[in-house]
Amino acid sequence: ISKARGYAHPLLHPVVEFYGTAWREVDSFHPDALKVGTHLRNVEVFRRLGIRWIVISGPPYCSEWVEVARNGEAVLYEDGAAKPGAWFEDETEVRFSRPSANEMEIRYQRTGPGVLFIREAWMPGWVARVNGSQVPVEKAWGALMRVDVPPGENRALLRYEPRAGRVGRWISLAGVLMVAILMMAAWRARRTAAAVPGKRARARP
């Protein structure tokens, strides 16, 4: 229990608000922390946020939580229904991987179109591509991300590509091209200057 961890800073305001809807009553609130309550109203909020481990004092707030460890009054429970990194609301199997903090890969196979939910806070700059074709990334429950995807066996790739980063890359590329042009011009100027005296020498009688 002493090694249990929770959501870390920074906490985006929509995520804090979404988490707060899980409670019927909120005992305390801080703008930089999660709301804390004692009466759980909607356990699905916990599950959609991927909260699998819960440490509380006393009996579980949900009958489906399983006690894993106990240390004095503190009890560690596990919710096996916590959502993975990406999921559909039906029984579609999803293979989720995260090569880096700014990239997610999701593979799935389904017979009809569906809504793919991603357990990541929505922010401008997230770009989704399904089999190479860009698709919109929308808000789910005002805090997480969702993508409408086509049927079939598909690969969805999500990357965080903020506009500032894209502009910075173009500026960097333009700078590299400018340096290359200036170096080429300087090289040609030196070559021309070196060739002129030779021509004059050949023109002498």
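Reader: Let's start with W87: is it buried or exposed?
Author: A quick heads-up: this is a predicted model, in which local features need pLDDT of at least 70, side-chain atom pairs count only at pLDDT 80 or more, and totals for chains, interfaces and linings use all residues. Residues are numbered from 1 along each chain as its sequence is written, and side-chain values use heavy atoms, leaving out hydrogens and water. Buried means under 20% relative accessible area, exposed means over 50%, and partly exposed is in between (1.4 Å probe, protein chains only). W87 has a relative accessible area of 4%, so the word for it is buried.

Reader: What kind of pair do the rings of W87 and W141 make?
Author: Rings of Phe, Tyr and Trp (its six-membered ring) pair if their centres lie within 6.5 Å; planes under 30 degrees apart count as stacked, over 60 as edge-to-face and the rest as tilted. Here the centres are 6.3 Å apart and the planes are at 10°, so the pair is stacked.

Reader: How many residues apart in sequence are the parts that W87 and W141 tie together?
Author: Strands (E, at least two residues) and helices (H or I, at least four) are DSSP runs, numbered from the N terminus. W87 sits in strand β6 (residues 86-87), while W141 is in the loop between β12 (138-140) and β13 (144-149). So the parts tied together are apart in sequence by 54 residues.

Reader: And what about W23 and Y61, what sort of pair are they?
Author: W23 is buried at 6%, whereas Y61 is partly exposed at 33% relative accessibility. Their ring centres lie 5.8 Å apart with planes at 85°, so this pair is edge-to-face.

Reader: Which residue forms a salt bridge with R110?
Author: A salt bridge is a side-chain nitrogen of Lys or Arg within 4 Å of a carboxyl oxygen of Asp or Glu. R110 lies in strand β8 (residues 103-110) and its partner in the loop between β6 and β7 (94-100), so the pair ties together parts 20 residues apart in sequence. The closest N and O atoms are 3.0 Å apart, and the partner is D90.

Reader: R110 also lies over the face of a ring; which residue's?
Author: A charge sits over a ring if NZ of Lys or CZ of Arg is within 6 Å of the ring centre and within 35 degrees of the ring normal. R110 is at 4.6 Å from the ring centre, and the ring belongs to F88.
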